[in-house]
Amino acid sequence: MRRRQQPPLPKRHGLDPARLRLPEDGHWATVREHLVERLPRVDPARIDEMLRAGEIVDLDGPLAPDAPFVPGGAVWFHRDLPVEREVPFEIGIVHRDDDILVIDKPHFLATIPRGQHILQTALVRLRRELDLPDLIPAHRLDRVTAGLVLFVVNPAARGAYQTMFHRRTVRKEYEAVAPYDPALELPRVVRSRIVKEKQVLAAYEVDGEPNAETEVELIEHRDGLGRYRLRPHTGRTHQLRLHMNSLGVPILGDDFYPVLTDKSVDDYRRPLQLLAASLEFTDPLSGEPRRFETRRELQAWTDHAGWSDTSQPAGSDRS
């Protein structure tokens, strides 16, 4: 196996620098010319500023503003971070040992850096707060979904734990709060074909061979609401939300299904009532059975009035 090239810049905010490989051929006389063309969203004046400050480097060190273009070479630099509002919710620690870390992720916190969420993600916060620079997630959970996420602490064990999720040998259970329909026959298995297009926020179901399967069970109901247990047998984008919506009982707080609504990313009111409640698997290193359970509860079930209250500011710290 080819060993990954170590970046010549240290991590910043728990993040590795960006690496750009220079093409084998091209018309650029300098690295600057290539970067201006390669990074159209970055102001050329900002590239000049980074070069002058020695913030763009190759394996030999900082590049001069007129450094020649080297076909097949590589450069590293730290990208400018977006302005982010703090996600004011704590990450719960369920389990930690030398190999893995299991957390209870709050609603509204992304698992990994992506788009406008960089520092305010579970991965970056955990790397910094726990001093675990090599931490990596074994799987992901949607930003708006709360609950269990397994991270790998030991780099040598990454493949073993990530493979469990790729092969779907991890048994997952979710809980959801949604309307109660007495005419809906449960438990049942929902199967459909789900399509998710790039640059399109919502996924959708189409005719064809099913690629998504979810077992849906009603745990209890009261006052027109149901508390449901969901067991996904596949892992399609927004699968649980789509399947609950297809049954006519969309999950409370869902801003995508059945109708896509324009909600600010820092509006923390009425969180999606979906919780990754348990993870169960045979440990790939020890061979021992392991099960982890969330310590969180869905507020719409335990305190529906509090969950429904929209009088508080959109960015208020609410559980």
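1. Salt bridges. The whole structure, a predicted model, contains 24 salt bridges (a side-chain nitrogen of Lys or Arg within 4 Å of a carboxyl oxygen of Asp or Glu). One of them joins the side chains of Asp 48 and Arg 32 at 2.4 Å, N to O. Because Asp 48 belongs to helix 2 (residues 44–52) and Arg 32 to helix 1 (residues 31–38), this pair ties together parts 16 residues apart in sequence; helices are DSSP runs of H or I with at least four residues, numbered from the N terminus.

2. Helix 2. Arg 46 and Glu 49 also form a salt bridge, with their closest N and O atoms 3.4 Å apart. The two residues are 3 apart in helix 2, about one helical turn. Glu 49 is partly exposed at 41% relative accessible area (buried is under 20%, exposed over 50%, partly exposed in between; 1.4 Å probe, protein chains only).

3. Aromatic pairs. There are 6 aromatic pairs (ring centres of Phe, Tyr or the six-membered ring of Trp within 6.5 Å; planes under 30 degrees apart are stacked, over 60 edge-to-face, the rest tilted). Phe 256 and Tyr 257 are edge-to-face, because their centres lie 6.1 Å apart and their planes at 65°. Tyr 257 is buried, at 5%.

4. Ring cluster. Ring pairs also link Phe 89, Phe 108 and Tyr 268.

5. Conventions. Residues are numbered from 1 along each chain as its sequence is written. Local features need pLDDT of at least 70 and side-chain atom pairs pLDDT 80 or more, whereas totals for chains, interfaces and linings use all residues, and side-chain values use heavy atoms, without hydrogens and water.
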